[in-house]
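Let's take a walk through this one, starting with where the chains touch and then looking at what goes on inside them.

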Amino acid sequence: MRYETVIGLEVHIELATESKIFCSCSAKFGGEQNDHVCPACCGMPGMLPIVNKHVVDLGMAAGMMLNCDINRVTTFDKKSYYYPDLPCSYQTTQWFAPVSVNGRVDIETSKGKKSIRIKQIHMEEDAGKLVHDDWTNTSLVDFNRTSVPLIEIVSQPDLSSAEEVIAYLERLRSLLRFAKVSECRMEQGSMRCDVNLSVRPEGSDVLGVRTEMKNMNSLSAIARAIEYETARHIDAIENGTEELVQETRRWDDTKGASFAMRNKETAGDYRYFPDPNVMPIVIDDEWFNTVKSNLPEFPEVKKARYIDELGLAEGDAEHLIQSRAFCDCFEGAYEVCGNAKEAANWLIFDCSKILNQKQQTVDQLNISGKALGELIKLVLDEKVSRANAKKILSAMFEEELDPAEYAKANGFIVSNDTGAMESVIAAVIAADPKSVNDYKNGKEKALMALFGKCMKELKGNCNPQVLREMLLKSIENA
Amino acid sequence: MKLYVSQSSAAAGCVAVDDMILTTDQPTAAGSKMLDGYMSLFGAEVVEKIKAAGYEVGGKVNVGEFSIDMLGETSFYGECADESGKLAGAVAEVVKADGVKACLTLDVNGMPRRAAAIAKTVFLKPTYGTVSRYGTIPVACSGETVGVMANTTANLRDVLEAVIGHDDKDGTSLSDEKCALLKRDSDFKAVKKIAVIKAMTDKVDGAVAADIDAFKAVAEKNGIEVCEIDGSELLAAKAAWNVLMSAELCNNVSRYDGVKYGYRTPNYTNIDELYTNSRTEAFGMLLKSAILYGSQSLLYTEKNRGAYDKSLRVRRVVYDYMAKLFEEYDALLMPVCSKAAYTKADTDSNVTLSFEENVYTAPASITGLPAVVVNGVQLVGKAFSDSALLAVAEICEKEGK
Amino acid sequence: MTKDSLQKLEKLYQLCLTEEEKEGVIAFFAKQDDEFAALENIDTANVERMVHVMPILTVVREDVEKKLFTREELQRNAPETMDGYWQVPRLVE
């Protein structure tokens with residue numbers, strides 16, 4: 001018999017905010033243990049939750065990017081369970097009226113195009129982290145991540161293979177990074193995935209027994225887990241190797257197998273109820289429209305525009321749309337310098353190289369498009385040499401600066417003072433008669449050595465073409 | 001008589017706060033072994049406000065565990081009772097006997113109202129949202145309110161003035177504009193017609209009935225019309241409030257588990273034993289009963305939305321019923337409890353007595369409407385009628401008992 | 001409410017009652033359930049839930065980070081800590 005796999009995903013995404021969802025502690029990744037903590041997020045009594053507005057902005061933005069309806073009245077609910085990483089023993093989440101519902105994400109795989117329905121997107125708080133200490137045989141609790149804002153994107157069970165799941169996750173990541181909802185970095189846990197999976201005979205409309213694998217945080221592990229779990233289900237159905245039960249399982253990627261987890265709470269056990277301390281949030285037209293007007297173009301719309309209107313090569317356009325920061329910078333630079341190809345090259349080659357050296361991601365690009373455009377204009381106008389422009393670019397990554405002023409202050413302006421060039425050339429020739437002779441005897445390389453020395457003396461601030469011609473003339477006369 | 005948890009006596013004219021209100025210079029334990037010695041890092045907004053108004057903050061006044069009991073009898077620090085075993089709420093005794101100007105006390109389940117009725121002090125549970133709950137130990141957040149207990153209405157008004165007002169740190173706090181509504185109508189003539197709830201007065205003992213008759217006489221003498229109505233619709237508030245309070249309590253006290261602060265059992269070998277034994281050893285029987293009842297109430301299934309959901313709907317029915325009564329009457333007169341006195345034996349033989357006696361206090365608790373206790377009776381008014389209710393209390397004071 | 005179903009609630013909320021206490025709680029449940037049963041006579045089919053008693057809407061704050069206390073202050077009341085962590089018995093992974 002042939003089987004089909006039915007998969008629904010719950011994807012948790014940490015939102016890119018400064019502060020936590022219900023208190024003002026830092027929401028930044030990292031920090032020393034328990035350094036981003038206050039009485040509220042370590043479970044002490046007496047502080048009351050006040051919702052971070054930006055979390056609602058991002059919850060709506062995510063919903064809009066995924067074609068959802070926005071609930072104009074959205075409320076928070078409490079969910080109870082005991083685990084040491086949950087300091088209040090309840091999590092505040094959205095159960096009755098989540099911010100976004102009924103959306104759609106379009107994906108493309110080797111089998112063609114497909115729409116995945118989104119059931120809902122709700123806002124909630126993250127839990128803390130446990131570290132296990134072998135020496136004392138204890139577990140250590142860090143509440144830095146507690147109450148960091150998350151959205152959970154719940155899909156309908158519309159996915160049927162690892163390939164589709166990965167296409168879906170990549171699409172989510174691209175859209176949400178573009179809308180600046182989150183950096184979606186799986187390796188830092190800012191994008192995590194619960195996989196709900198069941199197997200049924202092909203064509204059947206009855207769902208099989210469903211198992212859930214929690215907190216998957218790499219695409220390749222998710223693919224392996226889906227393959228394994230599908231095989232396990234089919235084996236159980238065909239050969240009766242085990243009885244399938246609805247349960248939560250943990251994927252162990254090193255062992256390449258999934259294992260049942262000990263707590264088997266059902267939705268009823270969580271005992272959701274509306275949070276009496278958080279008032280309903282009403283999203284009026286003004287708020288709705290502000291969020292809507294700040295949404296970016298969809299990446300593929302941008303890409304087409306870059307190719308069709310700005311004349312970029314497809315590869316360059318594709319490269320730029322990997323990051324909203326790159327697109328913003330590119331568009332700003334183009335507006336100033338008017339040369340799309342130049343602007344794209346500076347980003348794809350020079351900026352990427354500097355980010356690499358600084359071990360930063362493309363989303364961390366932090367230079368203004370206007371400044372980059374001005375820098376490119378200086379090069380195109382032959383006011384600054386390319387080599388010196390790269391030095392200015394490096395400085396732009398360290399501080400906000402005006403490229404023209406910086407060039408002036410640091411002696412990077414190309415000089416057309418031929419008198420100065422002549423005296424430098426004369427001095428170089430006088431100091432290195434051997435190279436002059438070598439060149440005259442046919443050694444082309446010797447010219448490059450002399451040229452380099454002149455350029456160095458002039459700090460690169462001359463038109464290379466002019467310098468070369470003047471140098472040749474001087475050698476002939478020497 | 002165990003009046004204070006952390007300080008033996010008080011300076012005359014100071015404002016005392018109960019053990020549900022966080023302070024930074026004295027421990028706050030909510031009357032529970034679980035929080036014995038707990039020092040908060042921040043003080044309640046009401047504490048900051050009374051300090052700002054120039055009052056000295058007095059001792060931490062003894063309350064029962066998480067203040068859901070009758071009169072403080074479940075306190076880890078011992079009950080407040082006289083030699084005969086008669087219970088007295090410490091929050092009322094400190095203003096009656098210890099010379100403090102007023103006591104701020106969290107009204108979760110009517111305890112301060114019962115204490116005031118028994119000690120014959122005056123108490124106001126203000127309109128929900130007019131006094132910040134920031135820095136109070138959370139129990140039943142949807143209805144609990146910080147109230148003011150005093151010996152005289154004048155003292156009560158002084159301290160009330162200091163604590164009302166908007167607080168950005170409390171999401172349920174009303175705007176200053178709204179809070180100011182509470183100060184108008186300080187003339188008792190704003191209360192023209194009072195309805196006595198017969199379904200409640202029928203059930204009380206002779207002493208409480210006498211208090212009610214005395215109040216009626218004073219009111220009528222001052223030209224206030226007093227009518228009797230059945231009002232048995234209000235009795236539904238109790239069962240619904242018991243569900244809402246227990247469910248919210250169950251959730252709010254889940255955080256006390258022996259991990260972050262508070263009592264940690266010495267008897268554990270793993271995390272489950274740490275949780276279970278810490279909670280089992282530290283919590284009293286009333287609290288445990290409420291936790292379990294609350295957890296059961298929150299249970300829901302696809303078919304049955306459960307007791308909690310039903311209670312939220314009954315809350316609106318009760319609220320709407322009261323709103324309708326307030327179209328005709330300016331205040332509702334209710335007893336505060338069925339007897340004029342309770343002994344330790346009463347609560348020992350019935351640990352959960354406060355879940356029965358709160359039939360009189362639940363209507364104001366579940367709706368957040370203001371309630372004044374004076375001369376042993378309770379007046380419940382519409383939202384922001386606090387000042388008018390206090391004006392009626394003033395004439396009772398003048399007329400004596 | 002039976003002792004078995006009560007046991008399940010105890011487990012969920014990390015309590016452990018003696019047999020005698022269980023009986024007391026079951027009696028308490030029975031009393032409360034009787035009272036609650038009377039609410040079934042109130043028709044709430046078309047009544048909205050009332051979570052908040054005051055009609056306040058949309059209380060939000062700006063996304064501004066602010067540090068209130070140090071880790072040392074936060075762990076002042078802690079039963080056991082190690083290297084700035086709260087410490088608990090090891091969880092079986």
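How many residues of chain B are in contact with chain C, and how many residues of chain C are in contact with chain B?

## Ground rules

This is a predicted model, so to speak of a local feature takes pLDDT of at least 70, side-chain atom pairs count only at pLDDT 80 or more, and totals for chains, interfaces and linings use all residues. Residues are numbered from 1 along each chain as its sequence is written, while chains are lettered from A and ligands numbered from 1 in the order in which they are written.

## Where chain B meets chain C

Back to the question: 55 residues of chain B are in contact with 41 residues of chain C. Being in contact here means that the C-beta atoms of two residues, placed from the backbone, lie within 7 Å. On the chain B side, helix H8 (236-252), helix H9 (271-282), helix H10 (285-298) and helix H11 (306-328) each supply at least two residues. Helices (H or I, at least four residues) and strands (E, at least two) are DSSP runs, numbered from the N terminus.

H11(B) has the largest share of that side, with ten residues. By type, the side of chain B that touches chain C divides into 26 nonpolar, 18 polar and eleven charged residues. For that tally, Ala, Val, Leu, Ile, Met, Phe, Trp, Tyr, Cys and Pro are nonpolar, Asp, Glu, Lys and Arg are charged, and the others, Gly among them, are polar.

## Helix packing in chain B

Two packed helices are described by the angle between their axes and the distance between the axes. H8(B) and H11(B) pack at about 135 degrees with their axes 9 Å apart; the axes are lines fitted to C-alpha atoms, for helices over the stretch in contact, and angles run from 0 to 180 degrees between N-to-C directions. That makes H8(B) oblique to H11(B) (under 35 degrees counts as roughly parallel, over 145 as roughly antiparallel, 65 to 115 as roughly perpendicular and the rest as oblique). The crossing of H8(B) past H11(B) is left-handed, a label used when the near helix is turned anticlockwise from the far one by less than a right angle, with right-handed for clockwise. Among the residues making the contact are B:Ala240, B:Val243 and B:Leu244 of H8(B) and B:Ser311, B:Val314 and B:Arg315 of H11(B). The contact of H8(B) with H11(B) divides into ten nonpolar residues, one polar and one charged.

Now for another pair. The axes of helix H1 (residues 45-52) and helix H4 (residues 153-163) of chain B come within 8 Å and cross at roughly 115 degrees, which makes H1(B) roughly perpendicular to H4(B). This crossing of H1(B) and H4(B) is right-handed. B:Val46, B:Lys49 and B:Ile50 in H1(B) meet B:Val159, B:Ala162 and B:Val163 in H4(B). That contact has five nonpolar residues, no polar ones and one charged.

## Where chain A meets chain C

The contact between chains A and C takes 37 residues from chain A and 29 residues from chain C. On the chain A side, strand E2 (51-52), helix H1 (53-65), strand E9 (129-133), strand E10 (138-142) and strand E17 (281-282) each supply at least two residues. E10(A) gives the most, with five residues. That side of chain A divides into 18 nonpolar, 13 polar and six charged residues.

Strands pair if DSSP finds at least two bridges between them. In E1(C), C:Val60 is the bridge partner of A:Val51.

## Inside chain A

Chain A has 16 helices and 17 strands. Its radius of gyration is 30 Å, well over the 23 Å that the globule rule gives for 478 residues, so chain A is more spread out than a compact globule. (The radius is taken over C-alpha atoms, and the rule is 2.2 Å times the number of residues to the power 0.38.) Along its principal axes, the C-alpha trace of chain A spans about 95 × 60 × 55 Å.

As for strands, E7 (residues 100-109) and E8 (residues 112-125) of chain A pair in the antiparallel sense over nine bridges, and E7(A) and E8(A) form a hairpin with two residues between them. A:Ser100 has A:Ile121 in E8(A) as its bridge partner.
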